[in-house]
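Hi there,

Here is the structure I promised to pass on. Have a look, and my notes on what turned up follow below.

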Amino acid sequence: MSETEDLKAKLKEMIVERLFLKVNPEEIADDDSLMQSYGVDSVQLFEVVVGLEEDFGITLEDEDFSLEQFANVNSIAALVESKRAALGT
Amino acid sequence: METQVEFDSEGTVLRGMLHVPESAAQGSLVFCAPFAEEEKCSYRPMVDLARACCSAGFRVLRFSYRGCGDSGGEFEASTLDDWMVDTLTALDLVSREAADLAAGLMGLRLGASVAAQVAEVRPDLRWLLLWEPVVDGERFLSLSLKRKLLRKMITEAEGEGKAGGQQSGEDDGSMDFDGYLVTQAMQDSVRKVKLHSGPRKFAGDLLVVQIAAHERIVPPLQRMVEQYTAARRCQVIPVIQQPIWAMLDLVPSDKLVETTMSWLVE
């Protein structure tokens, strides 16, 4: 599994756990809309933000808060990778 | 029996509800509410716990800090330090009315942080019950800002335009959290919350309940608990539960209440 695929798998686990979703992490497609497919609202999206910071070691800045960044697992993974690249980790 | 109460704290009328058990009481507890909108979201679980404590023989005082709920004063004119004074005053009230009973504090989120800080100056307290305490005030403010950004992002995406009042008051350093104007003075007082620094002097029985989606005790909470070296009894219990302080809908809190009561009456 590539690093990106591994990251996406971990993101799905985090999302399912923190949002109490009744699906298996592997059932979430990389491009599934979190809001449309799983009814994720702002309260749940906040839990994703906390999970990204606590479990993935990144810090989100004001400019990171756009719907495109939080649209699906692909976009969130890209966000995490860009943050990690900026940190040099 | 539940009775509405009023008492004075530095010239401001505070209002609350006193739960008195039908049989002889075995202790008194003062509940410390969480911050701003979180108080509204978690209102029912706090009532449920108060009633469970009362059924188990505890007198419980739930009250609103100055500037909150039914109490007098203005939210914008208050700080966490003021709310600590209010909590001490509430403790004095229950102690005066039942001087022979041991007393304790219960709090949720920033209310738990208030309770923990008050317990440092009240060595006579027997119980300290903390539900998901805010360990680091700076982090709390940072995350609150992020929650605000998320809500704004979604509101704007839904075509409702910019959320009204979101930017008000920010020129003077204050921040609008869900309509609550959090002044610079309030922010400064919240930033002083650093429960992971210690050691802590509280020498009674401490229960910390982690409310999260998992059972792993998070490092900040673990570090905080390690500071309570003087506590007679100290336990951290994880409860898998949605964040009751942030949910728009009412979520069951039975497990939280049961866990807390099991520990309290042990």
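In this predicted model, 21 residues of chain B are in contact with 21 residues of chain A. Between them the two chains bury about 1900 Å², with 74% of that on carbon and sulfur atoms. On the chain B side, the residues that lose the most area to chain A are B:Lys146, B:Leu150 and B:Met153, which together make up 29% of what that side buries.

Helix 5 of chain B (residues 137-157) gives the most to the side that touches chain A, namely 10 residues. By class, that side of chain B has 13 nonpolar, three polar and five charged residues.

A search of the whole structure finds two of 30 Å³ or more. The largest has a volume of about 170 Å³ and is lined by 14 residues, with B:Glu37, B:Glu38, B:Arg147, B:Phe177 and B:Asp178 nearest its centre. Helix 5 of chain B turns up here too, giving the largest share of this lining with five residues. The lining divides into seven nonpolar, one polar and six charged residues.

The second largest cavity has a volume of about 60 Å³. Its lining includes A:Arg18, A:Phe20, A:Glu47, B:Gln242 and B:Met247, and helix 3 of chain A (residues 42-55) gives the most to it, with three residues.

Best wishes

Methods: Residues numbered from 1 in each chain as written. Chains lettered and ligands numbered in written order. Predicted model: local features only at pLDDT ≥ 70, side-chain atom pairs only at ≥ 80, totals over all residues. Heavy atoms only, no water. Contact = heavy atoms within 4.5 Å. Buried area = accessible area lost by both parts, 1.4 Å probe. Helix = DSSP H or I, 4+ residues; strand = E, 2+ residues; numbered from the N terminus. Nonpolar A, V, L, I, M, F, W, Y, C, P; charged D, E, K, R; others polar. 1 Å grid on protein atoms, 1.4 Å probe; cavity = no way out; pocket = protein on both sides within 12 Å on 5 of 7 lines; lining within 4 Å. Points joined across faces, edges and corners; volume = space filled by probe spheres on them.
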